[in-house]
Structures are given as structure tokens and as C-alpha cells.
Amino acid sequence: MEMNNSQVLFFQQIKALLPPNISLADEIAKVLEISTDSAYRRIRGEKPISFEDIQKLGITYKVSLDQFLHLHNNGFIFAGKLGYTSGDFVVEYLNIMLQQFEFMRGFDHKHIYFLPNDIPTFAYFQVPELAAFTFFYYKKSLLHYEDMKDMKFSVKDLHEEHIKLGIKVQSSFNRIPSTEIWSLDTINSILRHISFYRDTQIFETKEDIMCLYDKLDGLLIHLEKQAELGLKFNHGQSPDKDAATYRMYYNDLMTGDNCVLAEIGDKKVTYINHNLINFMYTRDEYFNNYTLNTFEIAIRKSTQISLVGEKARVRFFEGLRKKIQLQREAINHD
Amino acid sequence: MESNNSQLLFFQHIKTILPEHISFVDEIAELLNISNDSAYRRIRGDKPISFEELKKLCVQYKISLDQLLNLQSDAFIFSGKLGNEVNFVFENWLQEVLKQYSIISSFEKKHIYFLLKDLPFNVHFEIPELAAFKCFVWMRCFSGYKVDKGIKFAFDYPGFEEHNAIGQKIVNVYNTIPTTEIWNTEGINTTIQQIEYYHEAGGLVSKEQAFILFDKVEELVNHIEKIAEVGLKFKIGEKPNQASPVYRLFNNELILGDNSLLAELGDMKVAFLNHSFMHFIGTRDKTFTTAIFTNLNNLMQKSTLISSSDERNRKKFFNQLRNEIHERRALLT
């Protein structure tokens, strides 16, 4: 029966969105507040689901009903947060990120494609001083927290819980194979933040600025090592036997836009950066295939500098280091 | 019963779409191929409608279920055309840009806010040589665009006239809309890098062409400085008049923009986000556009207004851009 077929397919689509270890029937029973038996009857298409149930499921799993019913209207559903509610923004921000990575890790096949326009945030989490600076910048200059208005930054102001959670996020990310497409401008963002705060006297001392430059140098050494080995591992450690693959490309034609494409099982999710700090995502198949195509075009126009391309890799990282050095010298001449 | 309510509202929505003289029940019964009694039961919410019936109704009355049902605050509907991978037509993309700007321009109260990481893509059409080069680059960046890799760049490539004609229309329409742009000194980097890339990549752009392009980028920068000075938009080579819309330019030294755009159309706002290099997706979602607008206002507070006033900082800003162009031009091999 046609009706049942569509219903069965609808539930199959939801199943594909769940981590493999979650029971579809239990999940549906919970969302629709019915017994597991009733859930099974609906999943098998024996009992029609009501309009209200369709709505509940569509909202809970962000399923595009237009797409499911093939209603072509050039529309894409994106989901994401516009603000942060809990008392500690950093904890909430990191936990959202951790949930996403842990969800991806549950699948056999997973891969993250990233076109950063600044150094990927999670890379900073493995260096406490850089992580602290990033969160300071988010809260002061992007979220405009009132209590940050007159606050100055010092590398000594480290928050134990944030550091631990940040490292957890980075460790989780490091278990997912990824492809990143960088340019020499990828480092500009953080250098711009440091120099703006230097000009506006936000740093406690000159040593704080120098420390950040030193830590950035250290992070680049780590990223260069990852690229050389083609593997991901935590800062200060060596890759283990389960290390995920790391592919790095250098591109000097297209500027990054912080777009992320995640392959999760046989599905894809595109994450788009907006309002400088937030990400929204879509599971729209057409949109995601288009994004993958865009990544493929970018890769074709890029130079692989992980595993191979030693000369280009060395030149690339030297180029990044030179930018840091120029800023360091500018301070020394102040 | 809750379930009846949603279904009831869905049918009420359809009823508002139908002309008054049409019998609502007859219409539903005929479309779903059921009796009038069965149609009544569905309209009243006594009997749930199936997926198949839902689809028939949505197709017939052009209803977006996503828009109708997704009331949750963290889900947003974006729309935009991605082009057909099999048969991509670059002119259609240009026409779509023209269409979107024309819609904005048609409103009496309108304003565009642009948070840029690159030069606004449409300003390249002010200068034919730059328009030709950017079209050459963009066509190669689109998914699905089939290009003969060996074809070298030419200022008068086949098809340029048509592209430039649409480009001129885009410039004319864009110049009717009051605009606020937030830049920084890295805004010209992408265009410069693209000239260098195609010059180095198998000489698709010759050295002579590259020199011309650098000079044209400088010409464009000089023009933008002029419109910033008077705080009004006008076409290159022309002068502002009484009808010229306002132009505000901010220099933000802290952040790098993301090429997002917020348009005010009457009392409504539309946010456009840039993705896949040259595409834009837009939403009218009030929560989302409000968040973007608030963020833009915060950024403006932390930026320096260098249009209409602050000659010192404006000169400094544009001199930095010119210096970058000169330095990179001198490095051409």
C-alpha cells in the first residue's frame, strides 16, 4: 500500500540519522510518547502516523518534509544555535562540538572536509594559552559580554575545566579522518586579533603577546608534523595505531569560508559558519552533494602537502611562520 | 486532540488559498479521489491524512511543509539555486544575482549591509577588464561547469559581451541601493591572488594581461575611495547626483568578514550567506535575520567609519590597498 510505503521510507530516513547503537523503536516511542509496540506498528507501516506525529518527528530530527515528499522549492533546512543559554558559554560551546564529533565517531565511515578561513578552532584546544585567548576573543569581541568590557587578557588566566574539555574535544576530533584546505591567509585571523588587542591595550603585559606567538609557532610545528605523517594525533604525543588520516592541501586561489562537510556513514552533513562564531548544518542531500563537488574542485586546484610534497609543505609552513615573525618584530620595534 | 489541531490548521491554511467561490470540501474530495464524507472527516481531523495525500495536497497548493511545520527556533529555511550540475549555465547565475538585487531595489525603503572578506563581487563589473577576468575565474569555480582547461584568458572571450551586459545591469541596480560595507585591508587579496594564480598556472593569464589587471584593480580601488569620500554611490566615470544612494564604508581591523549580506526590504529583512565560493542562500527567518543584524551593529560599533568623514584614516586605508597592489605587481615574473 502506497501510504505504508511512504511511512516506512520516512522511518528509514530517521533511522539513518541515528547513531548505529540507538534503537529506532525506543527512540520513536520516546519522541511520540507511545509504547515500543506501538512504535513498531508505525515503523512497519501497519498503523498510520498522525499529522501531529509527522510534525514532531520532522522537528526532532530536522527532516525536510519537502525533500522527503519531493516538493521542489529550492529550500534547504538548516539547524543551529543562534545564542548560548547556560551560565558558562565555553562549556556549552565545547559540549556541542564534542557531541557532534562523538556522534560521527560512532560510524565506521566518517570523514571531515574543512575549508578554513582561519586556523580550525579545535587546533587551539590542545594549547591551553591559545584556547584561553580564543575563548576570550569570542566572549569579548563576538558575543560582546558586558562583564568582559574592561577585561584584559593574560595567558595566566587559564581555566582548568575549559582546558580539560577542550583537549577532550580535540582528542575526539583527532579520531576522525579529515581533509583540510589551507592558504597562507589562514593564519591572518588570529594574528589580526592579537594585533588589534595589542593596539587597544587589551593584553596585561607584552609577555602575554610574545607567549601567544611562541605557542602559535609550537602549534605550527605540530600541524606540520601531522601533515608530514598524514596522521592526526594530540599535541606533544605520537600517532598510535588507531590514528586517523590527515590530508592537508595548500590553495592560493580560493579563500576559505569555514565550510565543513562531514561524511557520516552513507550520509553527509554540511556545516556553514555564520555570524562569525555560529555554525548551522543541513542534511539536505542535494545541497551536500553540491558541497562535496565544491570541495573536489578546490582540491583539484590545490597542492597536497601531507604525506607528499615536502618542498611545498616546508615552504608553506615557513610562509606561516614568517607572518608570525613579522608581527613579533613589529612589537619589538614599538 | 493535539493531532487534530495540526491537521485542522493545515486544511484551514489550504482554505485560505482557495478562491471564495470554490467549495472547499468538493475540491479536497476530488483531489484525493475520496467521497465528500471522507473529505469532511479529514478536514475535521477525525481521520489522519496519509503521506501520499499530504504530498498531493502540498503539490497542488504549492505548500512548503517545512515552512508550515518547522516552528522550532533553531531550524531555519534557506533558499537558493545551486545550478544544474549536468547543464550549468553561467548566464543564469548572473541573471539570478540581477534578479535578487532588483527585488531589493524595488522597495522604497531598502538597505544592504555587506560583511566582506573580499571586494563585493558585483563591483568588478564597473570595469570591463576586471569583469572579464572575474567571470573567467568564477566559471572555473562552479560545480558542473565544463571548461577546456587549456583555454587561455582573453579580455574579449566568446560570451563576454553577454556577461558584461548583464554585469552592467547588476552595477546599475546595485548603485540604486543604499549600502553599508564592512571591510578590512585584506579585501583585495583574493582578486590579487587569482591574478597571480592564473598567471603562474600555465600562463593562462599572460604577463601583459596581469599588469593590466593589477592596474584595473587599482582603478577600482580609486573609485571606491571616491564614493567613500562623498558617501554616495555612483558609477565609475560618473558623478553623484541628488538621487545617489548613501554609501557607508567601515574599516574593521579585528575580524575578517564572511561575505554575508543582510538586506532590508521595507519592514522585512533577508540574510544571504555565501557558500561554495559563488553561491548565496537566503532566509527571511526573523530570529536569524535579527541575530545577523545585531551582530552587524556590534561590529560597526567596533569599526572605523571611513566614508564621508575621517579623511586621515580613509587615506591611510586606501593607501595600504594601493601599496599592496604595487608590491604584488612588482613581484610578477
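**Exercise 1. The contact between chains A and B**

Work out how many residues the contact takes from chain A and from chain B, and where those of chain A come from.

Step 1. Start with the count: 54 residues of chain A and 58 residues of chain B take part in the contact, where two residues are in contact if their C-beta atoms, placed from the backbone, lie within 7 Å.

Step 2. Next, look for the elements of chain A that each supply at least two residues to the side touching chain B: α1 (2-17), α4 (51-60), α5 (65-68), β1 (75-80), α10, β6 (267-274) and α12 (285-300). Helices (H or I, at least four residues) and strands (E, at least two) are DSSP runs, numbered from the N terminus.

Step 3. The largest share of this side of chain A, six residues, comes from β1(A).

Step 4. Sort the side of chain A that touches chain B by class: 22 nonpolar, 23 polar and nine charged residues. Here Ala, Val, Leu, Ile, Met, Phe, Trp, Tyr, Cys and Pro count as nonpolar, Asp, Glu, Lys and Arg as charged, and the others, Gly among them, as polar.

A note before you go on: this is a predicted model, in which local features need pLDDT of at least 70 and side-chain atom pairs count only at pLDDT 80 or more, while totals for chains, interfaces and linings use all residues. Residues are numbered from 1 along each chain as its sequence is written, and chains are lettered from A and ligands numbered from 1 in the order in which they are written.

**Exercise 2. Confidence**

Find the scores of the model and the average pLDDT of chain B.

Step 1. For the model, ipTM is 0.78 and pTM is 0.82.

Step 2. The pLDDT of chain B averages 89, and 92% of its residues score at least 70; pLDDT is the predictor's confidence in each residue, from 0 to 100.

**Exercise 3. Chain A and its domains**

Describe chain A as a whole, then divide it into domains.

Step 1. Chain A holds 13 helices and eight strands, and its C-alpha trace spans about 80 × 45 × 40 Å along the principal axes.

Step 2. Of the 334 residues in chain A, 40% are buried. A residue is buried if 20 or more other C-beta atoms lie within 10 Å of its own, exposed if 12 or fewer, and partly exposed in between; C-beta atoms are placed from the backbone.

Step 3. Among contacts in chain A with a separation of 6 or more, 72% join residues 24 or more positions apart.

Step 4. The domains of chain A are domain 1 (2-75) and domain 2 (80-332), with bounds that come from an automatic or database domain assignment. Their C-alpha centres lie 36 Å apart.

Step 5. The contact between these domains takes eight residues from domain 1 of chain A and six residues from domain 2 of chain A.

**Exercise 4. Helix α10 of chain A**

Which residues of α10(A) are buried, and what do they pack against?

Step 1. Helix α10(A), residues 188-199, has twelve residues and reaches 16 Å from its first C-alpha to its last, close to the expected 16 Å. The expected span is 1.5 Å times one less than the number of residues.

Step 2. Asn188(A), Ser189(A), Ile190(A), Arg192(A), His193(A), Ile194(A) and Tyr197(A) are the buried residues of α10(A).

Step 3. These residues pack against α8 (128-142), α11 (206-229) and α13 (310-332) of chain A.

Step 4. Just after α10(A), Gln201(A) has a positive phi of about 55°.

**Exercise 5. The sides of helix α6 in chain B**

Which residues of α6(B) are buried, and which exposed residues are on the face turned away from them?

Step 1. In α6(B), the buried residues are Trp93(B), Leu94(B), Val97(B) and Tyr101(B).

Step 2. They lie on the same side of α6(B) because they cover an arc of only 100° around the axis; the arc is that of the directions from the helix axis to the C-beta atoms. An α-helix has 3.6 residues a turn, so residues three or four places apart point the same way.

Step 3. Turned away from that buried side is the face with the exposed residues Glu91(B) and Lys99(B).

Step 4. The buried residues of α6(B) pack against α8 (160-174) of chain B.

**Exercise 6. Two phenylalanines**

Are Phe316(A) and Phe293(B) buried or partly exposed?

Step 1. Phe316(A), in helix α13 of chain A, is buried because 23 C-beta neighbours lie inside 10 Å.

Step 2. Leaving aside neighbours within four places in sequence, Phe316(A) is in contact with Tyr250(A) and Ile305(A).

Step 3. Phe293(B), in helix α11 (residues 286-301) of chain B, has 15 other C-beta atoms within 10 Å and is therefore partly exposed.
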